[in-house]
Amino acid sequence: MALTKDDLLKAYRLMRTIREFEERVHVEFAAGEIEGFVHLYAGEEACAVGVMLHLTKADRIASTHRGHGHCIAKGVDVPAMMAEIYGRATGSCRGKGGSMHIADLDAGMMGANGIVGGGPPLICGAALAAKVQGTRQVGVAFIGDGASNQGTTFESMNLATVWGLPAIFVAENNGYAEATAADYHIGASSLADRAEGFGMPAATVDGHDFFAVHQAADEAIRRARAGGGPSFIECQVNRYYGHYEGDAQTYRPPGEAEAARANHDCLDMFAGRVTKSAGIEREELDDIDRAVAALIDGSVSSAKADPAPAAADYLTDVYVDY
Amino acid sequence: MARTLTILQAINEALDQEMARDSSVIVMGEDVVGGSGAEGEMDAWGGPLGVTKGLYGKYGDRMLDTPITESAFIGAAVGAAASGLRPVAELMFSDFVGVCFDQIYNQAAKFRYMFGGRAETPVVVRTMYGAGLRAAAQHSQSPYSIFTHVPGLKCVMPVTPYDAKGLLIQAIRDNDPVIFFEHKGLYETEGEVPEQSYSIPFGEANVVREGNDVSIISLGLMVHRSLEAAETLAGEGIQCEVVDLRTTSPLDEDTVLESAENTGRVVVVDEAPPRCSIATDISALIAQHAFDALEAPISLVTAPHTPVPFAGVLEDQYMPDATRIAAAVRSVAGYAP
């Protein structure tokens, strides 16, 4: 898929929105404004956006603990997401889900997931529905390097191959499953090798490089839409923050995240490339930055001001209340 | 027009009629077709006991054999349910829930609530349960209380062909996840079943025998054994009211309490082990809400707190039978403070 200028500006806006969202949640969490568990996606933006630029609203994705980026890239309403993280009645899940469970089925987002490896079976189902109904929709399961070892992931890769499902497995390998290094916990030379063992085409790409992700996703999604079955993409990437907010990250070598941010940041790489060769001016990107900052500011302000759910709502949305 | 069918036939007919009515209904599971990819005949098995036999010929690609990977295909059923289909997934033995429980209790059960009421998950998990076939510890359990404990799941256990058809049709049309328990000792049980389609609402227990002396609250295969005991006891002048719960979630509290208040003497019969069980739950319900009506301590007839044994002499003791039930009823009927 050739990228138009509009595509590139959209990609930049989405990546910047994710970054700004996460940086702000980081600050608000540290200030004690946000409760619960929060896992930030900063640094990994090119993975979500490189894939999602190929998807329509009707395509489905399943996400992970680290789901904010996938939600934003898939088109979930940003102020509603922020409100959800603040536990507000106006949130994506009316305050019943929180950061780890943001979902919007109307946007094709089947949920961030609090269970490592929870998503791949669900995406087999979404892809099966597309196949049975004869649509050209696809399902994309995002997993981390941690979930790459889960039985659900292996079972789902096998099932997707057996049934020839329009499913894509995107492993965002950020080097750590919680605090344990991928070098330790993955008993294979590469995730792509494993995928090939399940009979599906696989690619390994630099997850900071939007263009590399976009290209790999293009092939995989095109193949799936054409009835060619599942594919696997490993995106090798860095996360800028800990596993969760509050993680001291003593398991990482000092300066690792800072070096990645300074030398291999997806937004810097993208901006450098498109201002050199795509006829996009830095000012256009600056305009997006300002608009995104205003969006996030507004989302935080409205989330803080929005009402909490009515106390009685703790008994609604379940079919029986004993 | 009603005919005599077995429970097995009634389940098959319910699936057939719903698949004919609604193209979004699909069936998946291990060997639900049986023969996929092999060189012999397709639909060779039609499910391990032949429950789904014949449906492949009518519905083709909507009947899906799966690898033996319960997490993947139960999860796929859940994901497909959240994506517009109405899947009926067969978890061959309910004992196998250990390898796929996450997809049921963390995913399917929670979507509607956790997503703020903005998701529906119309999936049915049909699953075999119960002892009595010398199938031993990993193919004989009655784990319905584990599912009943989970908010967001509906739990159904029919004991007649009529109920099997009507409750399964309701399960398929229901927009919440339903666990549909089929006792492996009841598939050949016969009864009258109308040819036309019909559904039975969840949460309505059945008073299958009326009586004023002692209430026997029961479920699953134990309903039949309770009726057998009640027949014997009638000959001794003890009139039992036998209640079949039919669904444990939602639970028909009113019918249970009305029966307890009517007789003041209660025996609860449950094939599962005794701790944190349906039996203890029913007992607690009555103790909380019908205490003043009680004229005797509630008696529980359950399996012991052991795995299900293999050898006949062991398994026969494990399962509550009409003799034990009748003994419990006599004791409760004769109780005087």
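**Charged pairs, within and between chains**

Modeller: Start at the boundary. Between chain A and chain B, the count of salt bridges is zero. Keep in mind that this is a predicted model. On the chain A side, α5 (119-133) and α6 (151-163) each supply at least two of the residues that touch chain B. The biggest share comes from α5(A), which gives nine residues. Sorted by class, this side of chain A has 20 nonpolar, 14 polar and six charged residues. So which residues are in contact overall? The tally is 40 residues of chain A against 43 residues of chain B. The area buried between the two chains is about 3200 Å². Carbon and sulfur atoms give 63% of that area.

Now the charged pairs themselves. Side chains of opposite charge can pair when their charged atoms come close. How many salt bridges are there over all chains? A search of the whole structure finds 31.

Take chain A first. Asp289(A) pairs with Arg16(A) in a salt bridge, and their closest N and O atoms are 2.9 Å apart. The two partners are 273 residues apart, so the bridge links distant parts of the chain. Asp289(A) is in helix α12 (residues 282-305) of chain A, while Arg16(A) is in helix α1 (residues 5-30) of chain A.

Next, chain B. Glu13(B) and Arg3(B) meet through their side chains in a salt bridge, at 2.9 Å from N to O. Helix α1 (residues 7-21) of chain B holds Glu13(B), and strand β1 (residues 2-6) of chain B holds Arg3(B). These two residues are 10 residues apart. Glu13(B) counts as buried because its relative accessible area is 15%.

Asp316(B) forms a salt bridge with Arg134(B), and the closest N and O atoms are 2.8 Å apart. This pair links distant parts of the chain, 182 residues apart. Asp316(B) is in helix α11 (residues 312-318) of chain B. Arg134(B) is in the loop between β5 and α6 of chain B. Asp316(B) is partly exposed, with a relative accessible area of 44%. Arg134(B) is partly exposed as well, at 35%.

Bridges can also share partners.

Arg134(B) is not a glycine, and its phi has a positive value, near 55 degrees. In the loop between β5 and α6 of chain B you will also find Ala136(B). Ala136(B) is not a glycine either, and its phi is positive, about 70 degrees. At 22% relative accessible area, Ala136(B) is partly exposed.

Chain B has another backbone feature to look up. Ser249(B) and Pro250(B) are joined by a cis peptide bond, with omega about 0 degrees. Pro250(B) sits in the loop between β12 (247-249) and α9 (253-263) of chain B.

How many disulfides does the structure hold over all chains? The count is zero. A disulfide needs the two sulfurs within 2.5 Å. Cys235(A) is buried, with 0% relative accessibility. Cys266(A) is in no disulfide either, and its nearest cysteine sulfur, again that of Cys47(A), is 7.9 Å away. Cys266(A) also counts as buried, at 1% relative accessibility.

Note on methods: Residues are numbered from 1 along each chain as its sequence is written. Chains are lettered from A and ligands numbered from 1 in the order in which they are written. This is a predicted model: local features need pLDDT of at least 70, side-chain atom pairs count only at pLDDT 80 or more; totals for chains, interfaces and linings use all residues. Side-chain values use heavy atoms; hydrogens and water are left out. Contact means heavy atoms within 4.5 Å. Buried area is the accessible area (1.4 Å probe) that two parts lose on being put together, summed over both. A salt bridge is a side-chain nitrogen of Lys or Arg within 4 Å of a carboxyl oxygen of Asp or Glu. Helices (H or I, at least four residues) and strands (E, at least two) are DSSP runs, numbered from the N terminus. Ala, Val, Leu, Ile, Met, Phe, Trp, Tyr, Cys and Pro count as nonpolar, Asp, Glu, Lys and Arg as charged, and the others, Gly among them, as polar. Buried means under 20% relative accessible area, exposed over 50%, partly exposed in between (1.4 Å probe, protein chains only).
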